[in-house]
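Here is a short tour for someone meeting this structure for the very first time. Take a look, and then we'll walk through a few spots together.

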Amino acid sequence: MHFLFVPIPHGRFSRYFMIMDIVLITTVIASLFLVIGVAEPLAAKLRLPYSVILAGLGVLIGAAATFFLRTELTDALNPVAEAILGLPIRSNVFLYVFLPTLLFQATLGMNLRRMLDDWVPILVLAVVAVVVAMLSVGYALAWASALPLATCLLIGAIVSTTDPSAVVSIFRSISAPRRLARIIEGESLLNDAAAIALFGLFMSFVMLGVPDPSLGDALGRFPLLIAGGALTGWVAARVAVWVMALFSRHELAQISISVALPYLAYIGAEQSIGASGVIAVVSAGLTLNLTGPGRLPPVAWSNLREVWDLLAHWAGALIFILAALLIPRLLEEVRTEDFVLVGVVILAAIAARAVILFGLLPLLTLLRASPAVERPYRIAILWGGLRGAITLALALAVTESFRVPVETKRVVGILATGFTLFTLVFQGTTLRNVIAWLGLDRLSPIDQALSRQVIAVALQTVREDVARTTENYELTREIVRSEAKRFGERLDAAVKSAEDRAEILDRDRITLGLIALAGHERDTIITRVRERTISARMAEQVLSDADRLIEGARSGGRSGYMRAARRSVAYGRVFRAVVMLHSRLGISVRLARMTADRFELLLSKRLILRDLGTFIDGRIRRIHGKRVADLLHELLSRRVEAVETSLEGLRLQYPGYAEKLERRFIRRTALRLEEREYMAMREDGLIGLEVYTSLMNGLAARRAAAEHRPRLDIAPQRAELVRRFPLFADLDDARVKRLGRALVTRYVNMGDVIIRKDSAAKSVFFIASGAVELQSAGQTWRLGRGEMFGQMAILMQKPRRAEVRAIAPSTLLVLDEERFRRLLKRSEALRQAVRASAEKRGIDPDALQSGAPRVA
């Protein structure tokens, strides 16, 4: 055998080895993605957190590379080992490449409206937890070592970051309360942002050689870092959304802009104004999460989120593996006394977390600012507070700085790495055992009983469907009879088990039925959004309302469900504030948008609620019985009535706009059905690709026009509204217009007190929609649309004797005393109504005249 030797010119050696380096680095990176692919099924098989498996594989790879590079057994693997250890793993890679990706995706994946419901516990737990952990670890280290206070507080900030992915994934697998998992996720996101901001603050003290900084000065600069980062992220996201909206027909361009957004926001905040880049990324993500669904096409928004899910999955896995590669290097100079300091950090960090979970969290529950969290869940959260890649990345940033003393770099690297290893090795590997010991992985007795009944009902349905299928396909009768016998035995055993253990109380059946009903409502909403009969603008809000229904039913049964239902049609605080701004300052843009949103929201809810009756009759009646089904029908009819009442109030003020939205709904439904027909013809081979593409392009243009929502003129057509009141039937057109300008609109929710007893009488109220209840001297009256109240106290010139409360979402028209008296002089119909109202309440009408001499 002969070998052909081709000499390589000297000038090409460097280029040749550069190519070899690129090949090796590419091979190593591709292998890391292979490790990522293997890690997830391996974690599922071993029943360990995914992050623990990634960190373990990273440590093994790093240790193996170090071993093969230093061993004298073989030199064959030296190039691979050098390529692994020579990867450009620097703190800037973590902080500028991976971290923005993880934070940005986390904000995009949040149900922000539901997060806002729990903003108090999330914000308090996040900020307070970071500060408490930092102070606890910092002062404990200062007491146990000779390290400067600034260095101790820096270590405290580094180890105060948390990785909730393990405990959240387990909570979801065991059907823990969704609200609890949401609070943990939100708290962790802000926790990381606050910890990294504090890290930057104390890092500057250490680099400047300030051994004992003033804690007040340090924390005083903290809000400036937060505010500057939040403003930078908000501005960047608003600009990005504006540009993305211009490219509405170019989905890849929109996704590309979204990829650029977090990095530009991070760099802009850090390098331009000296603010927190982490806060800027979080602010940009939250802003895009709020505004993106309403400005981008639904398909584009869905694909954008899927791209970010994949990017974050890769980034999260790579940051764990690459950070774990550093662990052998960071532990090279460990000393015996360092183990004591690692123990101090562990005890101080766990104690700080325990103070938050068993001290602050119950206090927030007592103040009704946070949901009640049972003790087993708090213990699971305490033990599941793993640390990982972010902690190692921050420690790496310290060890790389040439302005930090050598001993400080050594101690920071060892303590952060030792603490991370403890949480991953001890807490991570035993978390599922702790969950099992606490009994959180077992179904409750109610869920066990329900599962038996569901199995029995499902098998009955399956038997009927299988019988029809076997008849259609004319299968062999002996085989059919044999399988039917086996299936019948299983069905009989399921029915017997359900009957023998039918320990579900009626109250629990109602709760379970409401949870199922709310869950089906959520599924229906998702289907309608995909079919584009509900706009993407409204999708998130109606889904959030459905989630509140589920959580309300779980926590409060029937009353909790109805509270959530009333809230879904109530006028929110923001809406009322916008109404006040419009009435006082004439600012109408925001009110027009929110009123149009409310119109569309109520129409969407009416559409969904009409479909739920079939589910009650078809499913819930079979599982929970006729009584529960009838009660659910009653509750559903109340919700429909509340939606119709709220919608009627808007129709009266803005006649014609609801009709425009209904026409838009019909057009969008027609487009969806047209699209379905084209797709069916294409699948059946009736039309070719070119024809299909042409048809779909034309359909897309018509759909873009149909997606545009009609503009709402916010100026209420009060003249038309006034004419609908029988009280003003005898007024001429000029007086009707003047009265319309004088009336002020007021929105009230069910349960709101409109007039308090013994208050001064200054206004009269006319009910445009809804209903109110008057209580006076032990008597109760109910008034509805077209009636008025508040006039008796004015005419009798006495303090109000009645308390008036709304019993439905209501729209009221308010008229001040002076204008009411003038109107009373001119309107015979109004005078007759006042007399009739007085007689109904047992008041002498003549006393009104004597008490109001100016009334003729």
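## A nonpolar patch

Let's start with helix α1, which supplies the largest share of the nonpolar patch, 3 residues. Keep in mind that this is a predicted model. The patch covers about 400 Å² of the surface and is built from I25, I29, F33, L310 and W314. Two elements give two or more residues to it: α1 (13-46) and α13 (298-325).

## A positive patch

Now for some charge. On the surface, R735, K737, R738, R741, K825 and R826 come together as a patch of positive charge. The elements giving two or more residues here are α30 (733-742) and α32 (817-826). Helix α30 gives the most, with 4 residues.

Is R738 buried, exposed or something in between? This residue of helix α30 is partly exposed, with a relative accessible area of 46%.

Last stop: an open sheet of 4 strands, in the order β1-β8-β3-β6, with antiparallel pairing. Strands β1 (744-748) and β6 (788-789) are at the edges, and each has a single partner strand, so one side of each is left without a neighbour in the sheet.

Which strand does β6 pair with? It pairs with β3 (residues 763-769), in the antiparallel sense and over 2 bridges. Look there for F766, which stands opposite M788 in β6.

Key. Residues are numbered from 1 along each chain as its sequence is written. This is a predicted model: local features need pLDDT of at least 70, side-chain atom pairs count only at pLDDT 80 or more; totals for chains, interfaces and linings use all residues. Side-chain values use heavy atoms; hydrogens and water are left out. Patches are made of residues with over 30% relative accessible area and no salt bridge: like charges are joined within 9 Å, nonpolar side chains (Val, Leu, Ile, Met, Phe, Trp, Tyr) within 5 Å. Accessible areas come from the Shrake-Rupley method with a 1.4 Å probe; for residues, only the protein chains shown count as cover. A salt bridge is a side-chain nitrogen of Lys or Arg within 4 Å of a carboxyl oxygen of Asp or Glu. Lys and Arg count as positive and Asp and Glu as negative; His and the chain ends are not counted. The place of a charge is taken as NZ of Lys, CZ of Arg, CG of Asp or CD of Glu. Buried means under 20% relative accessible area, exposed over 50%, partly exposed in between (1.4 Å probe, protein chains only). Two strands pair if DSSP finds at least two bridges between them.
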